[in-house]
Amino acid sequence: MPTPLELQIKTLPNEPGVYQYFDKEDVIIYVGKAKNLKKRVASYFNKNHENGKTRVLVKKIVRIKHIVVNTETDALLLENNLIKKYKPRYNVLLKDDKSYPWICIKKERFPRVFMTRRVIKDGSEYFGPYTSVKTVRILLDLIKELYPLRTCKFDLSHQNVNEGKYKVCLEYHLKNCKGACEGLETETHYNNAIVEIRNIIKGNFKESLEKFQAMMLVFAENMEFEEAQKIKEKLYLLGNYQSKSTIINPSINNVDVFSIISDETHGYANFLKISNGSIIQSHTTEIKKKLDETDKELLELFIVEIRQRFDSQSPEIYVPFKVDLGEIVKVSVPKLGDKKRIVELSERNAKYYRMEQFKQVQIVDPDRHVKRIMAQMKKDLRLHVEPRHIECFDNSNIQGTHPVAACVVFKDGKPSKKDYRHYNIKTVEGPDDFASMEEVVYRRYKRLLEEEQPLPQLIIVDGGKGQLSSGLKALDDLGLRGKIAIIGIAKRLEEIYYPGDPIPLYLDKKSETLKITQYLRNEAHRFGITFHRNKRSKTAIQSELEQIPDVGAQTITTLLRKFKSAKRVKEAPFDELKEVIGNSRATKVYEYFHPQKK
């Protein structure tokens, strides 16, 4: 049986994210990022490491936690936040106080635009963070090329400017600034440029593109090709820059994020703690349903429990739907933007946690997993016994030609391919799905009865009320009605039909019962259509050769065995045909395909 650590590694998702290693004291000793969590974490345990520090780290790992994110860039930024918060022993590079760069539009009269690594809450606008300083500098260079902005730190208040307190500097004479300090540029004109700059930083520089293209043309017309090329290169490099990250947004501060997804027996809830625009904590857990609690009830219990456990004092909570927590805390249900994306990120982590729990149960205790699914199917499909043995039927024909049917068998929720069966329809003429279904169901269970083979607990027919009635009639003729449950599944809306009940059952789209039922139906369709296609193909191949006068079945078989297809027989030289089937029959075949040649 795998150890808990091996089990965690096997069930990690193949998604970008951040992983955290814990030692036996439950202390974080390492934080890392990955484009593919499963491959990256497994690599620590699948090879011998030359680095001594890495070998020691691997020996100390007792538990793994992870957070799934949307992109590799998000993973890099989240890794930075967690390393700075927890300062793990085996992380060295990101323990310093340096952080990723931002672009700031300062809150002041005639705002400056510059790069900074510190986010100060003074009302200024911050964009980022950026994972590359080079990208920030290219962007600022582009802005400088397009818009003459001031770089000085003077207080350009109305009073100071009117009193002539400042004089224009060299930047004005170099035409990098329009002299706002001496009132040579209006505040309205300057602020219009700031609006355009804000759009460029956000990645919406469509409005400024024409102006930018015009600048390139002016350089080109003036034979300043080097300058035009520089602007072109900057624009190309900026094409792929990422202006924002879901992980960090300075407007989201001191907030708890909660979400939940659930199935019939359990809820899976996730908690993310946001501080100063960064995720600093993540926790996901499984909640067992005892009295068919709703998602709202489970999430309310989870929120109260987690906030007490982690002593959270956040004044605001983001959730995917309204919950009742009294008036002490503000509850928000985001609809758009970064706040909505943070809730979606929490939901993704809950979803992956649920998938990992299922995988772990399948590995450690496959019988328990099967029992759970069978019990759920019995409840959802209103059966008297667990459907350990299920058989599903599907018909295939094209306008009544080559009618065939398929029967697939599932045992304990998994395909039992050795028990699959094909059927050629024998008693039905023309396209009659109902009669074909009746024939194949009758033939299947007549044979099982004669051979004293075990009967299934559930029969599924692909189709609606008509096919179900046909299958039921076959069971009546065999005296099996009431001994085997039978249902029909219609493709359009996945309705489940029962004998004698005109109103279909609609299963929860997320339920495993519906997924297994769809899997059965799709497998029967695949198996049947493959058989039907092969039969048509075989008939089409033989039919052309059968048209040749005085050439029998044995000759056709000999030709196909040698040449593999009718097309190759048609293209074969006379001498080759003669070697295979003799002169007389070779002449008939060759002259049939080549009437002009002798």
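Leaving aside neighbours within four places in sequence, which residues is D462 in contact with? In this predicted model, local features need pLDDT of at least 70, side-chain atom pairs count only at pLDDT 80 or more, and totals for chains, interfaces and linings use all residues. Residues are numbered from 1 along each chain as its sequence is written, and side-chain values use heavy atoms, with hydrogens and water left out.

D462 is in contact (heavy atoms within 4.5 Å) with F393, D394, M437, Q467, I489, K491 and R521, its neighbours within four places in sequence being left aside. The residue lies in strand β16 (residues 458-462). Helices (H or I, at least four residues) and strands (E, at least two) are DSSP runs, numbered from the N terminus. D462 is buried, with a relative accessible area of 6%. Here buried means under 20% relative accessible area, exposed over 50%, and partly exposed in between (1.4 Å probe, protein chains only).

Aromatic pairs number 16 in the structure. Rings of Phe, Tyr and Trp (its six-membered ring) pair if their centres lie within 6.5 Å; planes under 30 degrees apart count as stacked, over 60 as edge-to-face and the rest as tilted. The ring centres of F258 and F302 are 5.8 Å apart and the planes stand at 85 degrees, so this pair is edge-to-face. It links distant parts of the chain. F258 belongs to strand β7 (residues 255-262) and F302 to helix α11 (residues 295-309), 44 residues apart. Both F258 and F302 are buried.

F574 and Y590 also form an edge-to-face pair, with 5.8 Å centre to centre and 75 degrees between the planes. F574 is in helix α19 (residues 574-581) and Y590 in helix α20 (residues 583-593), 16 residues apart. F574 is partly exposed, at a relative accessible area of 24%. Y590 is buried, at 15%. Elsewhere, ring pairs link Y19, Y21, Y30 and Y44 into a cluster.

Charged groups also sit over rings. The criterion is NZ of Lys or CZ of Arg within 6 Å of the ring centre and within 35 degrees of the ring normal. The charged end of K351 sits over the ring of Y352, 5.4 Å from its centre. R382 lies over the face of Y498, 4.4 Å from the ring centre.

N270 is placed in strand β8 (residues 266-275). Its relative accessible area is 0%, and N270 is buried. The N270 side chain makes a polar contact with the side chain of S346 (2.7 Å). A polar contact is a pair of N or O atoms within 3.5 Å; within protein, one must be able to donate a hydrogen and the other to accept it, and residues adjacent in sequence count only if both atoms are side-chain atoms. Not counting residues up to four places away in sequence, N270 touches V257, F258, S259, S282, H283, T284, F302, S346, N349 and A350. The list thus includes F258 and F302, the edge-to-face pair described above.

Strand β4 (residues 102-105) is covered on both faces. W102 and C104 on one side, and I103 and I105 on the other, are all buried. Two strands pair if DSSP finds at least two bridges between them. Four bridges join β4 to strand β5 (residues 113-116), and the two run antiparallel. Three bridges join β4 to strand β6 (residues 125-127), again antiparallel. I103 stands opposite M115 in β5, and its bridge partner in β6 is F127.

The loop between β4 and β5 holds F110. Most residues other than glycine have a negative phi. Phi of F110, however, is positive, near 55 degrees. F110 is buried, at 2% relative accessibility. K175, in the loop between α7 and α8, has a positive phi of about 65 degrees and is not a glycine. K175 is exposed, with a relative accessible area of 71%.

V168 lies in the loop between α6 (158-162) and α7 (170-173). At 22% relative accessibility, V168 is partly exposed. V168 and A180 are twelve residues apart in sequence and 8.3 Å apart in space, C-alpha to C-alpha.

Helix α8 (residues 187-202) has 16 residues. It reaches 23 Å from its first C-alpha to its last, close to the 22 Å expected at 1.5 Å a residue; the expected span is 1.5 Å times one less than the number of residues. Its buried residues are Y190, A193, I194, I197, N199, I200 and I201.
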